[in-house]
Amino acid sequence: MTKRKSPDLNYSRLELAQYRLRKIAHALETGGSLSSEEINFLIEALWRVGRGEDANKAFEVTARRGERRTVEQIRRRDSH
């Protein structure tokens, strides 16, 4: 199956969501500031997880059918 990519950025929806989380984590780790959009995203996602929703769904990092979630999965796919 081919990897779905958005035409303008050349990254999948999942890759962009993962990047967003890494960017937020980096800002928190280094004492950087978060935008009000990022803060609201975290608040909503944490509330959803606290109410029992799956964390992957709450943080918008669920993989669609055929989509790879990790770098290791991508490497395994590309090595065949």
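Modeller: The protein has 4 helices and 0 strands. Keep in mind that this is a predicted model.

Colleague: How do you know how confident the predictor is in the protein?

Modeller: On a scale from 0 to 100, the mean pLDDT is 83, and 72% of the residues reach 70 or more.

Colleague: Why is Trp 47 called exposed?

Modeller: Exposed means over 50% relative accessible area. Trp 47 has 55% relative accessibility, so Trp 47 counts as exposed. This residue is found in helix α2. Together with Ile 39 and Ile 43, Trp 47 forms a nonpolar patch on the surface, with about 310 Å² of accessible area together.

Colleague: Why is Glu 38 called buried?

Modeller: The cut-off for buried is under 20% relative accessible area. Glu 38 has 11%, so Glu 38 is buried.

Colleague: What makes Glu 38 and Lys 23 a salt bridge?

Modeller: The rule asks for a side-chain nitrogen of Lys or Arg within 4 Å of a carboxyl oxygen of Asp or Glu. The N to O distance here is 3.5 Å, so the pair of Glu 38 and Lys 23 meets the rule. The pair links distant parts of the chain, with Glu 38 in helix α2 and Lys 23 in helix α1, 15 residues apart.

Colleague: Which parts does the pair of Arg 20 and Glu 37 tie together?

Modeller: The side chains of Arg 20 and Glu 37 meet in a salt bridge at 3.8 Å, N to O. Arg 20 lies in helix α1 and Glu 37 in helix α2, so the pair ties together parts that are 17 residues apart in sequence. Glu 37 counts as exposed at 57% relative accessibility, and Arg 20 is partly exposed at 23%.

Colleague: What makes a set of residues a nonpolar core, and how many residues does the largest one have?

Modeller: The members must be buried nonpolar residues joined through side-chain atoms within 4.5 Å. The largest core has 11 residues, among them Leu 14, Phe 41, Ala 45 and Phe 59. Helices α1 (13-30) and α2 (36-50) are the elements that give two or more residues to this core. The largest share, 4 residues, comes from α1.

Notes: Residues numbered from 1 in each chain as written. Predicted model: local features only at pLDDT ≥ 70, side-chain atom pairs only at ≥ 80, totals over all residues. Heavy atoms only, no water. Buried < 20%, exposed > 50% of the residue type's maximum accessible area, 1.4 Å probe, protein only. Patch = residues over 30% accessible without salt bridge, like charges linked within 9 Å, V, L, I, M, F, W, Y side chains within 5 Å. Areas by Shrake-Rupley, 256 points an atom, 1.4 Å probe, with all protein chains shown as cover.
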